[in-house]
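I wanted to look at one helix and at the open space around it. My notes follow, in the order I looked things up.

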Amino acid sequence: MEFKRNVVLGVSGGIAAYKALDVVSALRKKGINVDVIMTEHAAKFVTPLTFQSLSANSVIVDMFDEPKVWEIQHISLAKKADLILVVPATANIIGKVANGIADDMLSTTIMASKAPVLFAPAMNTVMYVNPIVQQNIERLKSIGYEFIEPASGILACGDEGKGKLPDPKLITEIALTKLYTNKDLYGKRILVTAGPTNAPIDPVRFICNHSSGKMGYSIAEVARDRGAEVVLVSGPTNLDIPYGVKVIRVNTNSEMLNAVLDNFDNSDIVIKCAAVADYKPESYSEIKIKKAGGILDLRLIQDTDILFELGRRKTDKQILVGFAAESNDLIENAKTKIVKKNLDYIVANDIMLKDTGFGSDYNKVSIISKDGEIVNLDKMSKRAVGEEIFNTIVKRR
Ligand SMILES: Cc1cc2nc3c(=O)[nH]c(=O)nc-3n(C[C@H](O)[C@H](O)[C@H](O)COP(=O)(O)O)c2cc1C
């Protein structure tokens, strides 16, 4: 559970109403409380019971239902909301809010709330481009309401064009950035590396190492949410590209080196979280090496130490953070790396611990600064580790 925030999720009567279920689940997984308000038409598409089960809260459809506890619910939800998110937003609900109509629970709660409101419109293309809908959207934008652009594609009605609800994962990420109020990294340019790199042997084989990329992606997301401009140089991973982050995909050590050097001078903080291959085959075979029985001798040579290179180039204004995945003498090895590579911090994790590190959503690390201060953290989510890294940097600056 990372942030204690409340989202009021308004669901209106569009064909994409079922996709709002995924948004509820994704927000809940981030520890966010979700109260769902459905329009009466939305309840024709998906039952309130389904939203109730996923949100673990009662769902309100009828404003005049007998309340279960005595409170005026549209007022209490309007006050409780840190964000009102409308998914999908019909042409009708947009039109109502733009014109001051409050004739059901959703439109009345929006009217009664000071919380930011984020609409995710979804409708037939002809409806979406209708000047009345567009004028309503522009009117709402001009007074601070926010919108997630619909996607283009083949719509449920068979027409093709703009009007599709974007991927619920994207909607969730945009909602998270709105919920996050600590913008202490605003104006900073942050470069993060993540994932493994490959060292090719021949056209089909390569040497790689364990790294899911989750730690670096989490750091990039935290930096983005705290207001930074983020470049993420990523080795091969199965992770989705984080919204609002510039991602440069690379494969090998030298590709990662080039991408990092291209962005290094422009960066205020650089966090090297990638598990870069230290060794590569002495020679690359242009053709697939055939099975010849017995032993295949493979000579490996050391590849570039990217972190060392960055340490050499670092100016006094830049902060350089390395990661040390160690299996023994964690703190001593990490301290040696700080000196050898001219780092400001090193984040050391013991890869021998169970349920943390490679592939896991959790990590247990120590953050060591160049003057020897050590912050020993408990096991926590990788996102929370990212938060702690930036807390340490910001506090010590
Ligand atoms: C099968 C069906 C699908 C619909 N899909 C959409 C849609 O995707 N977007 C939209 O704006 N309206 C859609 N409508 C029309 C809305 O349901 C209608 O405008 C309704 O009054 C919206 O009410 P609400 O905004 O209170 O939920 C659809 C209607 C039907 C019958």
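I started with H10, which has 12 residues and reaches 16 Å from its first C-alpha to its last, close to the 16 Å expected at 1.5 Å a residue. The expected span is 1.5 Å times one less than the number of residues. Helices here are DSSP runs (H or I, at least four residues), strands likewise (E, at least two), numbered from the N terminus.

This is a predicted model, so I kept in mind that local features need pLDDT of at least 70 and side-chain atom pairs pLDDT 80 or more, while totals for chains, interfaces and linings use all residues. Residues are numbered from 1 along each chain as its sequence is written, and side-chain values use heavy atoms, with hydrogens and water left out.

Next I checked burial (buried is under 20% relative accessible area, exposed over 50%, partly exposed in between; 1.4 Å probe, protein chains only). In H10, 11 of the 12 residues are buried, so the helix is largely enclosed by the rest of the structure. Among them are Met215, Tyr217, Glu221 and Arg224. After H10 comes glycine 227, with a positive phi near 100°.

Then pockets. On a 1 Å grid over the protein atoms alone, a pocket is an open set of points where a 1.4 Å probe fits, with protein on both sides within 12 Å along at least five of seven lines; lining residues have an atom within 4 Å of a point. Points join across faces, edges and corners, and a volume is the space filled by probe spheres set on them.

The largest pocket holds about 1,100 Å³. Of its 30 lining residues, the closest to the centre are Lys29, Lys30, Ser218, Glu221 and Asp361. I noted that H1 (20-29), H9 (168-179), H10 (214-225) and H14 (382-396) each supply at least two lining residues, with H9 giving the most, six. Domain 1 (6-179) and domain 2 (189-396) each contribute at least three residues; these bounds come from an automatic or database domain assignment.

I sorted that lining by class: 11 nonpolar, five polar and 14 charged. Nonpolar means Ala, Val, Leu, Ile, Met, Phe, Trp, Tyr, Cys and Pro, charged means Asp, Glu, Lys and Arg, and the others, Gly among them, are polar.

Where else does H10 supply lining residues? I found H10 again at the second largest pocket, alongside H12 (306-313), strand S16 (319-326) and H13 (330-340), each with at least two. That pocket has about 940 Å³ of space. Its lining has 16 nonpolar, 13 polar and nine charged residues.
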